[in-house]
Amino acid sequence: MNLEDTLLMMPGPVPVAPRVLRAMSKPMINHRSTAFSDMYDDCRQILSDIFNTKNDIFILSGSGTAAMEAAVGCVTKPNDRIICIENGKFGERFKNIAKRYGMTDPLVYEWGDSIDLSQLEEKLQEGAKAVTLVHNETSTGILNPAKEIGKLTKEYGALFIMDGVTSLGGDLVKVDDWNVDIALVGSQKCLAAPPGLSIVSVSQRAFDVMEDMERMPYYLDLKAYKKSAEKSQRETPYTPAIPLFYALQEALHIIKEEGMEARIKRHCTEAAAVRAAVEAMGIEMLPDLNEYSHFSNTVSAMKAPDGVSGNDIKKDMLARGIVIAGGQERLSGKIFRIGNMGNVQPKDILLTIAELEIVLKKRGILSRVGPGIEAASDILDKL
Ligand code: PLP
């Protein structure tokens, strides 16, 4: 398979624009120089708008999981109770990270199910240091109610740590309005940069809690990031992945040129088109929604139709040059997922749907090709 002819329609890494790839071939620079500091500042400025925050923003050399660990590790003492909300694989990951640092009190749902806010409130009444949430649960395609959870968490005086790895840069996130103390994102998802960087925003409340910590992670010490980012330095504490910073800066400029409002509208419309297409094919979505949850606007998770495994659909699509995702762990074989993160265009959605219909027809699931493309194009034409 020629990788250059392959279309990535998975929930990250996502296709990266040629100008972003070219940016990575620029010469290395001193990371203790004005050139680096200016690039760092420029990125942080654009990211503040994407996060909708006045909080400090730092860029870590490490994937999304590094930022998850920084967030939890910098505010959690061994006897602290952390409420970890889990309704998918990444909620579970937050719980597993929190277990290494403190006492977890998991609020667990079947993967794909919705969160019951009254159960969260009951747990908060018992007192907690922090709540962890995955805003857009990539493993199941559900969008969790971050705003409502932020409100509850603030009411009970706990910190709100939110993974926005697959929402920030593609869907609406309002860090300040939603009371998110630590929000984080990875570079390879909706920001459409290569993998390897993550970004965190940190509130004053979270920094206050850090003052009281006896032990902090070393490489992921967010206080060290704050100190280095201050006006006199405008740097990262350790050597940053400079080529990835070049790429991120270029990717952020693409976002700025499109504008966040248009970008969010594009993501929402494309995900709606995927949902309409699969519905027209008689395929069910995985998430079981309640009044507070929504389908993800950046990744759609569908139940594999009877008689075919999600992994076979993924394999057949790959043979036709399109990379989609299957289910992870307990969902393996049961679902398949289509991402629309970053700079995915309507024509990419249409091609993916057309190929999906062909694959399903060849497997005897569909009687004809067409209803999905028609349903998707009706929605995409609104863009
Ligand atoms: N959180 C979510 C919601 C994700 O989708 C992912 C990766 O897919 C991660 C965290 C982990 O990020 P990374 O693989 O960049 O460490």
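Hi everyone, let me start with two side chains: Phe 36 is buried, and Tyr 40 is buried as well, where buried means under 20% relative accessible area with a 1.4 Å probe and protein chains only. A word on the source: this is a predicted model, with local features needing pLDDT of at least 70, side-chain atom pairs counting only at pLDDT 80 or more, and totals for chains, interfaces and linings using all residues. Residues are numbered from 1 along each chain as its sequence is written, and side-chain values use heavy atoms, with hydrogens and water left out.

Back to our pair. Phe 36 and Tyr 40 are four residues apart in helix 2, so about one helical turn separates them; helices here are DSSP runs of H or I with at least four residues, strands are runs of E with at least two, and both are numbered from the N terminus. Rings of Phe, Tyr and Trp (its six-membered ring) pair if their centres lie within 6.5 Å, and planes under 30 degrees apart count as stacked, over 60 as edge-to-face and the rest as tilted. By this rule there are eight aromatic pairs. In one of them, the ring centres of Phe 36 and Tyr 40 are 5.8 Å apart and the planes are at 25 degrees, so this pair is stacked. Elsewhere, Phe 58, Phe 207, Tyr 218, Tyr 219, Tyr 225 and Tyr 238 form one aromatic cluster.

The rule asks for NZ of Lys or CZ of Arg within 6 Å of the ring centre and within 35 degrees of the ring normal. Arg 330 does likewise over the face of Trp 111, at 3.8 Å from the ring centre.

Of its 13 lining residues, the closest to the centre are Asp 41, Arg 44, Asp 56, Ala 229 and Lys 231. A pocket is an open set of points on a 1 Å grid over the protein atoms alone, where a 1.4 Å probe fits, with protein on both sides within 12 Å along at least five of seven lines; lining residues have an atom within 4 Å of a point.

Which element gives the largest share of the lining? Helix 2, with four residues.

Thanks, everyone!

Methods. Buried means under 20% relative accessible area, exposed over 50%, partly exposed in between (1.4 Å probe, protein chains only).
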